[in-house]
Amino acid sequence: MTYEVGRPRGLLGGGIQQALDVVVNFSLDVQPGEFVSVIGPSGCGKTTVLFLLAGIRTPSAGRIEVCARPPRDAVRDGLCSVIFQQPVLLEWLSVEENVLLPLRLRDPRWWLWPGRRGQYLERAGQLLRTVELDAFSHYYPEKLSGGMQQRVAIARALTLDPQVLLLDEPFGALDEITRDRMNLELLRLYEQRALTIVFVTHSIEEAVFLSDRVVVMGRGASPRTGSSIVREVRVDLPRPRTAALKEDAAFFQKVREGRAALREAQQLQ
Ligand SMILES: Nc1ncnc2c1ncn2[C@@H]1O[C@H](COP(=O)(O)OP(=O)(O)O)[C@@H](O)[C@H]1O
Ligand SMILES: [Mg+2]
């Protein structure tokens, strides 16, 4: 993926444009039902990888498929959803309306069919129960805590019943207790719905706790070389996973492996 950086061309003549290669030689094959975490030093291109998978950015070279189609089509068809670092809720819509947004965008005349309206509200109710926010459906986002807002974002991401979830450091802004709880909720959804997940984080513990596989990105020798996957750690810890796993020697061992892989990735820079 190549970004154009530098001063844009303005009224007074030419700006300075430079190409910055961010993600280069990057190959990742995720199996259906697999939970893969991507970790790496800040600025190495994790968000770029996720945005490429979500069709928000277009690769300058190479090919990406999500559910056997171009990423943008997978998102359009409701097969793939993204959860960002911030919840990105619409402040002027209630929690329920935010959750219904993907359905409304897909079916703008939904209100003409009273039956459909009932169906959609039922769906929103179900999803809000899933994230334990059904008592807050008529609240507006500003009245909710950060963790609750991110749970609304999760419910909204599930509205079209996707097969693939892409998450970019979704719990990074939350306190540790809330983050632990959200991790358990995410695992529950993953196991119940047989989702395929690509999860970006900079926490090794979080990556190991959640994933089947942790891929470690490292930057190349110079900014021109771009970053790629430099290490991979398989996490063959049993599922379903509970908080008790975090006290287990096998968990510590995997975290140690992950930390060593990340250190090596940083030394490669
Ligand atoms: N829109 C953009 N234009 C130019 N450079 C960008 C843009 N977005 C990200 N970058 C650069 O790409 C690199 C990787 O960024 P990012 O994918 O956000 O990394 P990470 O998520 O791992 O912190 C950084 O050097 C960043 O400055
Ligand atoms: Mg990022």
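**Figure 1. Contacts and overall dimensions of the protein.** Among the contacts of the protein (contact means heavy atoms within 4.5 Å) with a separation of 6 or more, 67% are between residues 24 or more positions apart. This is a predicted model, in which local features need pLDDT of at least 70 and side-chain atom pairs count only at pLDDT 80 or more, whereas totals for chains, interfaces and linings use all residues. Residues are numbered from 1 along each chain as its sequence is written, chains are lettered from A and ligands numbered from 1 in the order in which they are written, and side-chain values use heavy atoms, with hydrogens and water left out. The C-alpha trace spans about 60 × 60 × 35 Å along its principal axes. Of the 269 residues, 47% are buried, where buried means under 20% relative accessible area, exposed over 50%, and partly exposed in between (1.4 Å probe, protein chains only).

**Figure 2. Helix α1 and the residue that follows.** The protein has eight helices and eight strands, which are DSSP runs numbered from the N terminus (helices are H or I with at least four residues, strands are E with at least two). Helix α1 covers residues 46–53, and because seven of its eight residues are buried, the helix is largely enclosed by the rest of the structure. The buried residues of α1 are K46, T48, V49, L50, F51, L52 and L53. After α1 comes G55, which has a positive phi, near 75°.

**Figure 3. T159 in the loop between α5 and β5.** The loop that holds T159 lies between α5 (146–158) and β5 (164–168). T159 has a relative accessible area of 3% and is therefore buried. A polar atom of the T159 side chain lies 3.0 Å from the backbone oxygen of R156. When residues up to four places away in sequence are not counted, T159 touches V99, P102, L103, R123 and L127.

**Figure 4. L165 in strand β5.** L165 is found in strand β5, and with a relative accessible area of 0% this residue is buried. Once its neighbours within four places in sequence are left aside, L165 is in contact with S81, I83, A157, L158, L186, L195, T196, I197 and V198. L165 and V215 are 50 residues apart along the chain, and their C-alpha atoms are separated by 17 Å.

Methods: Polar contact = N/O pair within 3.5 Å; in protein donor to acceptor, adjacent residues only side chain to side chain.
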